[in-house]
Each structure stands twice: as C-alpha cells, then as structure tokens.
Amino acid sequence: MTFLRPLIIFLALLALWQAVVWLTGAPRYILPGPGLVAEALVARWPEILPNAGVTIAEILLGLLLGTLLGCSSALVLAWFRPARRWLLPVFVSSQAIPVFALAPILVLWLGYGLASKVAMATLIIFFPVTAAFFDGLRRTEPGWLDLAKTMGASPWRTLRHLRIPAALPALASGIRVAAAVAPIGAIVGEWVGSSAGLGYLMLQANARLQIDLMFAALFVLAVFAVSLYFLIDRLLTKALSWQADDGSPPR
Amino acid sequence: MTAKKDQESARGSESLNHETGAPTIQLDAAALAYNGQRLFQDLHLTLPGGRTTCLLGPSGVGKTSLLRLIAGLAAEAEGEARDGAGRPVTDRIAYMAQQDLLLPWASVLDNVLLGLRLRGEPITQARRDQARDLLDSLRVGASAAQRPAQLSIGMRQRVALARTLMEERPIVLMDEPFSALDAITRYELQGLAARRLSGRTLLLVTHDPLEALRLGHEIYVMAGRPARLGQALQPAGAPPRDPADPEILAHQAELLKRLATAHSESEE
C-alpha cells in the first residue's frame with residue numbers, strides 16, 4: 001500500500017497531462033505530451049545525466065551546509081543572550097530581502113561553478129533551519145528545566161541532555177522545509193549564470209525550442225526533489241520514533 | 001560570640017535526625033506576590049528532620065509556590081529554606097512533580113540515571129545496577145529498556161519515584177505526585193513511597209486529606225490570602241497508616257471541614 005498510492009497518484013497525473021494535451025490540442029512546442037517527453041528523456045539521457053549530477057550535488061551540498069550553519073546559529077542564539085538581542089532582529093529582518101535578488105551578486109563573487117549555487121541553496125535553507133531549531137531550544141518543557149535545576153545540572157549539560165534532544169522534533173520540521181526549498185536555490189543560481197546543471201539545460205533547450213528536452217529535464221528535477229523530500233522525511237521520522245509514540249512531551 | 005557559635009552548632013546538630021541524618025528545614029518570613037496579589041507573606045514553616053510534613057489546601061492558595069520556594073525554583077519569592085545550622089538546602093533536595101517529567105526519548109533506565117548524567121558523574125556498572133535494583137524493587141524492572149510512552153501512568157510514576165530515590169538526597173519535595181493516578185494505584189504507590197522515603201525530610205503537597213493522614217507526621221492546612229498555615233495536626237502512629245482506622249477517619253472529617261472553610265474564605 002505504501003508504494004501503491006504514490007504510484008496511482010503519479011499515473012493519474014500523467015493521464016491528466018495527456019488529457020490536457022488532447023483536449024487543448026496544444027502544439028508540441030508549447031506542451032509536449034508525456035510520450036514525447038519520455039522519448040526525449042531516453043534519447044537525450046547522456047546529456048541529461050551529467051547535468052542532473054551537477055544539480056543534485058548543488059542541492060545536497062547546500063542542504064548539508066545550510067543545515068549545519070542553521071543549527072550552529074540556533075545554538076549560538078540559545079546560548080548567548082546578547083546574540084539573541086543583536087542577531088535575532090538581523091536574521092528576521094534579513095528575510096524581507098528577496099534572496100533571489102542576491103543570485104547575480106553571488107554569481108559575480110563566486111563564479112559560474114558549483115560554489116555560487118551551493119551558496120544560494122545554503123542561504124535559502126539557513127533561516128528556516130535556524131528559526132525552527134531555535135524555537136525548539138527555547139520551548140523546553142519548564143518542568144524538565146526545574147527538575148534539572150534541583151538535580152544540580154550545569155547550563156551546558158542541561159542544554160546537551162535536555163534542551164537539544166527536546167528540540168530535535170522542531171529541528172526536523174526545519175530540515176523538512178529545507179529539503180523542500182533547497183532545489184529552488186540551486187535552480188535559481190543556475191538560471192542566473194552557469195555552465196552546467198538541469199536549470200542550465202532547461203534554459204538552453206528553451207532557447208533552441210527543444211521543449212521536449214526542457215520538460216524531460218524538469219521531470220528529472222521533480223522526481224529527484226520529491227524523492228529527496230520523502231527520503232528525508234522518512235529518515236527523520238525513524239530517527240525520532242519516540243516522538244511518534246507520544247506526539248508531544250507529556251503535560 | 002563564641003557562645004553564640006556554640007549555641008548555633010548545638011542547634012544544628014539537634015536539628016539533624018540522628019538515625020538518618022536528614023536535616024530539619026526552617027523557612028522564616030517567606031513571602032511571594034503573584035500578579036500584584038500577595039499569595040503569602042511572613043510565613044514560617046518548620047519541616048522536622050526525617051519526618052513527613054503534608055501540606056493541604058484549596059487550589060491556588062500557594063502550596064506549590066511554597067514547595068518551589070523551598071526547592072529554590074521560585075526566583076521571584078522572598079525567603080530561603082535553611083537547615084538548623086543555617087545552611088541553604090537546595091543542593092540536598094530531590095523533587096518530584098505531579099507530572100512524571102520522564103524524557104520521552106530516553107529509556108526508563110536512562111531516565112532513572114538522568115541526575116548522574118546532568119551532573120556529569122560517571123555512569124558506572126555499579127550505578128546502573130543500582131538503578132536496575134531500584135526499578136526492580138518498584139516492580140518496573142522489566143520495563144528498564146522501554147521508552148516511557150510504552151508504560152501506563154502508574155508505571156511512569158513508579159519510574160519517576162525511582163529517579164527521585166536514585167538521587168539519594170536527604171530531603172524530598174513532592175508536589176501532588178499521586179493525583180493523576182486511579183484510586184488503587186494511588187493507594188499502592190502511597191504505601192510504597194512512604195516505606196522507601198521513611199527517614200528523610202519529606203514535604204508532600206496534596207489536596208487529598210486521606211493521603212495526608214496516611215503519610216504525614218505533621219499536617220498543615222494552608223488557607224486564606226495572604227495564606228496562613230494554622231496549627232499542625234499530628235495523627236498518632238507511624239505512617240503509612242491504615243485508612244480504615246476510626247481515628248484517621250475522624251481526622252479526615254475534621255480536615256475536610258477545615259478545607260471547606262478555607263475554600264469559602266478563598267472564594268470571598
């Protein structure tokens with residue numbers, strides 16, 4: 001059942017796609033049907049595969065880096081009161097800046113290669129991870145903190161043995177959001193300036209009116225992004241099985 | 001000067017319970033305001049060493065606040081609990097709340113070992129064995145490797161009791177630890193706790209007069225605003241007492257009457 005339902009949804013979406021093509025009579029250079037895209041996928045596979053590898057590397061590196069940075073900054077915020085007072089407003093207001101507007105600058109500074117795209121993905125991920133983990137760190141069940149105090153715990157050990165584990169479910173939701181938005185960062189970075197990647201391939205195909213190749217690249221990206229999300233979701237749920245047993249800390 | 005010191009140290013040793021070494025606790029002129037309302041002020045309380053003191057009273061009167069003050073958890077309160085020699089006691093207490101406060105991610109055994117971990121003490125095989133023995137003696141040993149969520153409320157409260165005992169503190173503060181339990185489990189756990197905690201200086205906050213009469217050497221009713229403590233009731237015999245004893249039942253009626261008065265006072 002676990003695999004049957006996604007498969008049925010997938011097939012239904014393909015059918016819908018084909019139905020739209022038939023009903024609207026859209027020409028193949030506007031909306032190619034699933035069959036044409038599948039053909040392009042097979043025929044152009046040697047071209048798609050290395051580009052997909054580049055994009056996947058950008059997404060995974062960005063995800064890793066953004067999560068690490070986000071966790072560290074949440075810990076700094078939770079640990080140092082001055083950091084909370086000075087940095088938190090900066091983090092929050094920086095979110096008003098559209099990150100995409102930074103993409104050209106990142107490309108200018110870091111070049112056309114992998115680095116600017118990883119930086120872009122990292123920037124997008126950083127805030128949701130920081131916000132989620134920090135929120136978890138300061139919402140520790142007060143009863144646990146009282147207990148720790150009567151037990152003679154140091155602030156450091158309270159953080160390590162109580163506050164961090166208690167904040168892991170919140171961090172996990174942050175990482176889920178990160179997994180969903182990381183591909184956006186990578187693709188936007190590629191559109192602004194790159195020499196490889198699925199985003200680059202899509203732009204090239206678009207310019208040459210190879211719409212079926214464009215859709216094939218989009219399809220590969222979508223499959224990878226969705227698989228990444230569900231894989232991470234699964235792993236997190238499994239790693240935090242204690243949370244599923246219970247839902248929330250006892251009140 | 002010397003005479004005064006001698007006197008003080010004499011008082012200090014007197015106030016220790018000689019059999020168990022559990023200190024007597026003095027709370028002088030304690031005060032706490034909450035939202036501009038004085039919950040209590042100029043409150044005096046003595047918890048005799050090695051004895052169980054029960055604190056009854058209507059909800060919201062400040063019982064929990066008083067217990068938290070003694071535990072050093074009420075930063076906004078005035079007054080500090082000290083032993084007979086005038087030393088603070090917060091480093092010698094174990095605290096047990098109404099909720100079991102078990103960590104959902106840790107096994108039952110790790111929950112019992114939490115205090116060691118939080119103080120950075122080495123968790124040796126001997127300490128593990130000690131924790132296991134405690135769990136066995138409270139009849140939850142079979143669940144040592146399980147997570148708290150897999151246990152019933154009664155079993156979880158037993159684990160919380162094991163964690164409290166593992167602390168090996170001479171003073172134990174309990175805030176309605178049995179109130180979430182059904183009648184049978186509560187009765188069982190009261191007896192268990194009374195036996196395992198005898199000889200320690202125990203403060204038990206409860207809203208159940210019968211529980212206080214089963215377990216307390218001294219029973220106070222806290223009432224009014226600002227709250228007063230009144231005269232301590234000292235039932236005969238050693239706890240845990242038989243709830244069917246006619247004397248206990250007579251006391252229960254009296255306590256209920258006092259509580260009803262206290263309740264109507266606090267309503268005004």
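Which residues does Val118(A) touch, not counting residues up to four places away in sequence? The first legend answers this. The model shown in every view is predicted.

**View 1. Val118(A) and its contacts in chain A.** Val118(A) sits in helix H6, residues 114-138 of chain A. Its contacts are Glu58(A), Leu61(A), Gly62(A) and Leu65(A), leaving out residues up to four places away in sequence. Is Val118(A) buried or exposed? Val118(A) has 26 other C-beta atoms within 10 Å. A residue counts as buried at 20 or more, so Val118(A) is buried. Pro6(A) is 112 residues from Val118(A) in sequence. In space, 30 Å separate Val118(A) and Pro6(A), C-alpha to C-alpha.

**View 2. The contact between chain A and chain B.** Chain B gives 21 residues to this contact, and chain A gives 20 residues. On the chain B side, strand S5 (93-96) and helix H4 (114-119) each supply at least two residues. H4(B) brings the largest share of that side, with five residues. What classes of residue make up the side of chain B that touches chain A? There are 12 nonpolar, three polar and six charged residues on that side.

**View 3. An open sheet in chain B.** Three strands of chain B form this sheet, in the order S2-S1-S4. The pairing is antiparallel. Strands of a sheet pair through backbone hydrogen bonds. Which strands lie at the edges? They are S2 (37-47) and S4 (81-83) of chain B, and each pairs on one side only. Neighbouring strands here are turned by 5 degrees against each other on average, direction ignored.

**View 4. Strands S1 and S4 of chain B, with helix H2.** S1(B) covers residues 25-34. S1(B) and S4(B) pair in the antiparallel sense over three bridges. Look for Leu27(B): its bridge partner in S4(B) is Ala81(B). Helix H2 of chain B, residues 63-71, packs on the sheet. This helix touches S1, S2 and S4 of chain B. The direction of H2 makes about 125 degrees with that of S1(B).

**View 5. Chain B as a whole, for orientation.** Chain B holds nine helices and eight strands. Its radius of gyration is 19 Å. That is close to the 18 Å that the globule rule gives for 268 residues, so chain B is as compact as a globular protein of that length. The C-alpha trace of chain B spans about 50 × 50 × 40 Å along its principal axes. How much of chain B is buried? Of its 268 residues, 44% count as buried. Take the contacts in chain B between residues at least 6 apart in sequence: 73% of them join residues at least 24 apart.

Technical notes. Residues are numbered from 1 along each chain as its sequence is written. Chains are lettered from A and ligands numbered from 1 in the order in which they are written. This is a predicted model: local features need pLDDT of at least 70, side-chain atom pairs count only at pLDDT 80 or more; totals for chains, interfaces and linings use all residues. Two residues are in contact if their C-beta atoms, placed from the backbone, lie within 7 Å. Helices (H or I, at least four residues) and strands (E, at least two) are DSSP runs, numbered from the N terminus. Ala, Val, Leu, Ile, Met, Phe, Trp, Tyr, Cys and Pro count as nonpolar, Asp, Glu, Lys and Arg as charged, and the others, Gly among them, as polar. The radius of gyration is taken over C-alpha atoms; the globule rule is 2.2 Å times the number of residues to the power 0.38. A residue is buried if 20 or more other C-beta atoms lie within 10 Å of its own, exposed if 12 or fewer, and partly exposed in between; C-beta atoms are placed from the backbone. Two strands pair if DSSP finds at least two bridges between them. Axes are lines fitted to C-alpha atoms, for helices over the stretch in contact, and angles run from 0 to 180 degrees between N-to-C directions.
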